[in-house]
Amino acid sequence: MPMIYQPAGRAREYAEWACNIYRGCDHGCTYCYAPAVLRMDRAAFHAEVQPRGTLVGITAEAAKLTASGNTAPILLCFTCDPYSPGAVVCDGWTRACIEALHDGGQRVAILSKGGMRATADLDILGPGDEFATTLTLYDPREWEPHAAPTLERIEALRVAQDAGIRTWASFEPVLDPVQSLELIEEAAPYLSLAKIGIA
């Protein structure tokens, strides 16, 4: 099964192409759809993070996309987070995967709730790459127990913007419409685009 794939359904609105470089995510988001999609036990999915794929394979798939004329960035990630606590300790796998995609001629769109953890590889991002986060509530600990605090995620957007990287945020799910609107306003100075999901 290829690592780089075309998302289906509503996910296609967020990215034309995606690559899930880990299996599992220890942010522990209570609304996460990934365990069901992957047919995994929810507790097991949130308990362990393991790298997926090979760098040679990722570069080869990226090169095929480049040869086909694709210019849309590859989203990292839909069913995991490239900068969850568990991902960060995986010996630089996220950075290596970004480099593998670049080696294949593709750009990346980082989507992470990792806050400042997610800025670790900004130095290898360049023109055409993107940096994004998900924003739900000012205090999302009940829903996203191990993700970075909301204001830290907004700060990460600022840092990425200052580094010259195109930024966007996903306001999804909408758990409190009033807070979502306030967060859009607060993050707006650091965004090129806001994507608003459903409740």
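What joins the side chains of Asp81 and His27? A polar contact of 3.5 Å. Keep in mind that this is a predicted model.

Let's stay with Asp81. Asp81 sits in the loop between strand E5, residues 74–76, and helix H4, residues 85–88. Asp81 is buried, yet it has no salt bridge. The nearest side chain of opposite charge is Arg117, and that is 6.1 Å away. Asp81 does have polar partners. Besides the one to His27, its side chain makes a polar contact with the side chain of Ser112, at 2.7 Å. Setting aside neighbours within four places in sequence, Asp81 is in contact with several residues, among them Tyr22, Cys25, Leu111 and Lys113.

One step back, to Cys80. Cys80 also lies in the loop between E5 and H4. Buried or exposed? Cys80 counts as buried, because its relative accessibility is 7%. Again leaving out neighbours within four places, Cys80 is in contact with Asn20, Ile21, Tyr22, Gly24 and Cys25. What about Cys32? Cys80 and Cys32 are 48 residues apart along the chain, and their C-alpha atoms are separated by 9.6 Å.

Now helix H5. Eight of its 11 residues are buried, so H5 is largely enclosed by the rest of the structure. The buried set includes Trp93, Ile98, Leu101 and His102. What covers the buried residues of H5? The cover includes strands E1, E3, E4, E5 and E6, together with helix H3. After H5 comes Gly105, with a positive phi near 90°.

H3, residues 55–68, packs against H5, residues 93–103, at about 35°, with the axes 7 Å apart. The crossing is right-handed. From H3, the residues that meet H5 are Leu55, Ile58, Thr59 and Ala62. On the H5 side, they meet Trp93, Ala96, Cys97, Ala100, Leu101 and Asp103. Why that spacing? An α-helix has 3.6 residues a turn, so residues three or four places apart point the same way.

Last stop, another helix pair. H6, residues 150–162, and H7, residues 177–187, cross at roughly 35°, and their axes come within 10 Å. This crossing is right-handed. Thr150, Leu151, Ile154 and Leu157 in H6 meet Leu183, Glu186 and Ala187 in H7.

That's my tour. Over to you.

How values were computed
Residues are numbered from 1 along each chain as its sequence is written. This is a predicted model: local features need pLDDT of at least 70, side-chain atom pairs count only at pLDDT 80 or more; totals for chains, interfaces and linings use all residues. Side-chain values use heavy atoms; hydrogens and water are left out. Helices (H or I, at least four residues) and strands (E, at least two) are DSSP runs, numbered from the N terminus. Buried means under 20% relative accessible area, exposed over 50%, partly exposed in between (1.4 Å probe, protein chains only). Lys and Arg count as positive and Asp and Glu as negative; His and the chain ends are not counted. A salt bridge is a side-chain nitrogen of Lys or Arg within 4 Å of a carboxyl oxygen of Asp or Glu. A polar contact is a pair of N or O atoms within 3.5 Å; within protein, one must be able to donate a hydrogen and the other to accept it, and residues adjacent in sequence count only if both atoms are side-chain atoms. Contact means heavy atoms within 4.5 Å. Axes are lines fitted to C-alpha atoms, for helices over the stretch in contact, and angles run from 0 to 180 degrees between N-to-C directions. A crossing is left-handed if the near helix is turned anticlockwise from the far one by less than a right angle, and right-handed if clockwise.
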